[in-house]
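Subject: Structure handover, two interfaces

Hello,

Here is the structure I promised. Please load it before reading on; my notes follow below.

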Amino acid sequence: MKKASIVYVIPILLVTGILLASNLKAPTAYIPVSSNEAVKKGASDENYNKMMDVLVSPRCINCHPNDNIPKQGDDGHPHYFGMSRGENNLGYQATKCTTCHQSENNDYSGVPGAPEWSLAPASMMWEGLSRKEIAESMLDPERNGGRNHEELMHHLTEHELVLWAWEPGVRADGTPRKLPPVPLDEYISAVKQWFEDGAVIPAE
Amino acid sequence: MSNKEKKSKGISRRKFLVRGGLGTLGVLAVGTYVFRNPLRRSMLEMAETMAPTYMGSGTEPNLWFELTKENKVIFHSPKVEMGQGSFTSFAQMIADEMDLNIDQITVIGAATKTGVVDAMSTGGSLSVGGLWQPLRELSATMREMLKIEAAKKLGIDVSSLSTKEGIISGGGKTMTYAEVANDITEWDIPDTPELKPMKDYKFIGKPVKRIDLNAKVFGDPIFGLDAEMPDMLLAAIIRPSVVGAKFKSADTTKAEKMPGVVKVVLMDDWVGVIAKSYAQALAAKYKINVDWTIEKRYTEEDLRNMLQVGKGNQSITQKAGTALNSNDNDVISMEFTSPIGAHAQIEPNGAVADYNNGDITIILSTQVPGATQKVVAEAFDVDTEKVNIIPTYLGGGFGRRLNTNHAVQAVQLSKEVGKPVKYIFTRKEEFQHDLFRPPTHHIMKGKLNNDGYLEALEHHYASGDVAVNALIMPRILTSVLGTDLGAMRGGQIMYDKVPNHRAVQWHTTLPFATSWWRSLGLLANTFAIESFVDEMAIRAEKNPVDFRLASISNEGNKKRLYDVIKLAAEKGKYNDKPVNGRAMGFAASTDANSPAAHVVEVSIEDNSIKVHKVTCAFDCGVVVNPDQVKAQCEGSIIMGMSGAMFEKMTLEDGELTPTIYGPYDMALMKHAPKQIDIHFIQGADIPLPVGEPPMGPIGAAVSNAVRRLTGKRLTDLPLKLS
Amino acid sequence: MKIAFTINGSSQTVDIEDGNTPLLWVIRDILDLKGTKFGCGKAACGACTIMVEGEEVRSCSYAVKFAEGKKITTIEGLGTPENPHPVQQAWIEEVVPQCGYCQPGFMMATAALLEKVPNPTDDDIDQNIINVCRCATYYRMRKAIHRAAEIKNNSNS
């Protein structure tokens, strides 16, 4: 059943990809990521790859650090001034994430903001992991905060803090922060489809 | 001092003025303090001994003191307060010679229109030392003047009057100073009275609390950016991000439609946005696209190619014995570098300016009210007297505000809209249009004699401008001397007993402005020299303290350096072997005739250098306020650590970067040593410079400790382990 | 838009076109409380630190619209020369300020810290007090923070 569907999906993906590309007049902020290999592997893999392209981007990984230190920027440098996870992922006792980060981006300061701005819990350390390891970690209730697939899908596609990645505001110097490599709608449908297809993590 | 000389320095009777003033009873204005050829004397001394001089100009009605109805004295200081604590020291001097309590004295920065402004600047750590003699003499003279009038009013002979806490008493009668001054328009001015002996001072030499402490703890509006004028607008300016870029054109249509925008001003090399609020000016600023003509985008590599020993203008600033022969196999040579440093003072630059038919008023944080007045007068083609510069407390100076020519832009903006305008730098503008500490390159050479002591020591160093091209330096001086006197600070070899020693400067003007940064060349020059001396001691297998002492005369002025080195080593219990993962580093410097020596204790934590303790011995002559001199030592040490261990600007694709705190790495609370011990030696009978000299040894001391701990010699600032 | 809040105990309503205007500029230029300082405008230096509902906030990065209905404290509301806050008292005892420009921000951050941690350790101080002081008064600040905790705890007991 699975194999049969691939035949139909591939041409459609290819065509929409071309259409999308030709419609864009200005250079896009998104880097095309669909590799031929992924396409060959099938729709589920394609969805998986789209999702993972986003999850490993700095907009996501910066708040899933492996050392309790939030990261910043497209180079993922350690947060300046020694900010750290603190006891509840919200910073230190008085100087917290919310000392500077509010529920919206601030275009005057270039400080990003969204509701519930915080680090992902320590169990969700993704930084430095392979895509497969991140996906495994994400699906593992021991590490994902006890979320089932439905709840995961909600976090990935509806949580405002996650969706902030597509409206990341400007940097301190006023230039726009880099977006994740996949457009939001494409990402959402890829995530949903991947879960509907059984959330299969392909072998690397 | 002979009597004749004393008189020539006394108060000129002709220049003594009495003025009425708003809210003041009798306004006492005392004429200028006369020096013969102050400029020449000052320059020579600055280059040589750094004896503090005061260079007040005497062409204006010079307001020094006001006496208020409340029997308080307002001192119009020719020097500004930027944190160094000099206002407090001035109050101590006035209180002691005028017989007042500290809380009866207010000190404010003199405005150019009404007061005496130091023709040079507030800088070079010369404020307290410079006013030490004149301010005490003036205060003593004022006290005697008041006594003379009191004698007349009370009908008592002046010799039987005494003064205490602003009250004159005699024959069972008392009068306050204010009561005495009431109605007096003609004053008799006595010859300058004898000053009190040091032992009789109640305030000088004591840890008097800063007089601005309350204002600074309760958030009073005392800084340049706190100033306001009625009906004032706010402005932001766009300047190029690329070094050397020139304005070509700008599209301002979007900005002009932004809320609150009053006017967009296009000038030759900048674009200004004037709005009702600063936030509106900033929001509009980001909507303007400016096209700049960029001829070249300089890189860090370009910079290092330009700035090298052997390139630029050479001057031998010190020469004793013979030069080292580079073919000599016993000659040891090492290279050192330091990066571009930013001032990064927390109060951004800016100015509140009002242009009113050629009458110009500017309120701002500046170290150079006089020079700013001249620059503005020239720019708007008005008489200097038409420009009133009112200096405020400075939210940090550090040399950055030895050029505040941005006052011109503020005045221009005011002229454009016919209203007062406050112009504030953005932080990016601060970082990219700073007058940076120049980068440096050093080659040290040395040779040991048969006993393992220094036989030869040479410091060859390249630097960008410090004093050269600076606003406050007469150009003639540079062309006559051929040397950058600022880059030279700390660059001379202080080890006089080394038979062959020399210092050679290579000066290059860089494509971006470099200038004064607290202690000038001192931090980098001392880093190179004292790191190398430490390395030579290691090669000679000698204790680095003994190694240094063997090369310094224990007599004359050199004895002061000798003594601080000995005292620092003793108090800091210097040990050249690491103990329990901690090592000590030693270094010394003589800057501005105030020798300092540091012992630091260092460990390595998480691959970072951790400084635990600093012991400092310091000889700045007479200590007017021990608490504040200590504060300056502590600040110099930690700011010096910041400069030596963290800070670095780089040229990337034509832009100076970074442009914000954080990426511009600086010492924070967690980096500050938990223990700093300061020990004074008084080796001179006048107050000598304090604000910069203790910064000298810190970079080398930390580096020397790291060398002893890890075996690795770090030769580049900022000091990084890998 | 109209925004109402309480600042240093007094109710205020400001009418402002752009609700995203940083609270810093409203405090400084509309309410004329100049103790809160502009240092970088990027929430990096901490000179503009205030308290909102007792929480430490950098006001240059805090849109005024978020202040609606909130209780704000600035350095002017922390204490007075007659009745200084323990932090201000300690700052005076240790003679901390040099140029003084960054000090209100540091004192506000310290006051906020003492609300959360009555007896901060050196590590607590290092982690929470991350403002920038160019005069590098950190050495005295650390002493003053410990002293402030002592004064505050003594007055509470």
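Buried area here is the accessible area, taken with a 1.4 Å probe, that two parts lose on being put together, summed over both. One caveat before the numbers: this is a predicted model.

**Chain C against chain B**

By that definition, chain C and chain B bury about 4500 Å² between them. Carbon and sulfur atoms give 64% of this area. On the chain C side, the residues that lose the most area to chain B are Q98(C), R134(C) and Y139(C). Together they account for 20% of what that side buries. In residues, the contact takes 52 from chain C and 60 from chain B.

Six salt bridges are found across the interface of chain C and chain B. R140(C) and D627(B) form a salt bridge through their side chains, at 3.2 Å from N to O.

Which elements of chain C give two or more residues to the side that touches chain B? They are α1 (23-30), α2 (75-78), α3 (86-93), α4 (103-116), α5 (122-128) and α6 (138-156). Of these, α6(C) gives the most, with six residues. By class, this side of chain C holds 28 nonpolar, ten polar and 14 charged residues.

**Inside chain B**

Chain B is divided into three parts:

- domain 1 covers 3-217
- domain 2 covers 224-294 + 349-424
- domain 3 covers 301-341 + 435-710

I looked at domain 1 against domain 2. Here 18 residues of domain 1 of chain B are in contact with 20 residues of domain 2 of chain B. The two domains bury about 1300 Å² between them. Carbon and sulfur atoms carry 58% of that. On the domain 1 side, M82(B), T112(B) and K113(B) supply 38% of the area buried against domain 2, more than any other three residues.

Over to you.

Best wishes

How values were computed: Residues are numbered from 1 along each chain as its sequence is written. Chains are lettered from A and ligands numbered from 1 in the order in which they are written. This is a predicted model: local features need pLDDT of at least 70, side-chain atom pairs count only at pLDDT 80 or more; totals for chains, interfaces and linings use all residues. Side-chain values use heavy atoms; hydrogens and water are left out. Contact means heavy atoms within 4.5 Å. A salt bridge is a side-chain nitrogen of Lys or Arg within 4 Å of a carboxyl oxygen of Asp or Glu. Helices (H or I, at least four residues) and strands (E, at least two) are DSSP runs, numbered from the N terminus. Ala, Val, Leu, Ile, Met, Phe, Trp, Tyr, Cys and Pro count as nonpolar, Asp, Glu, Lys and Arg as charged, and the others, Gly among them, as polar. Domain bounds come from an automatic or database domain assignment.
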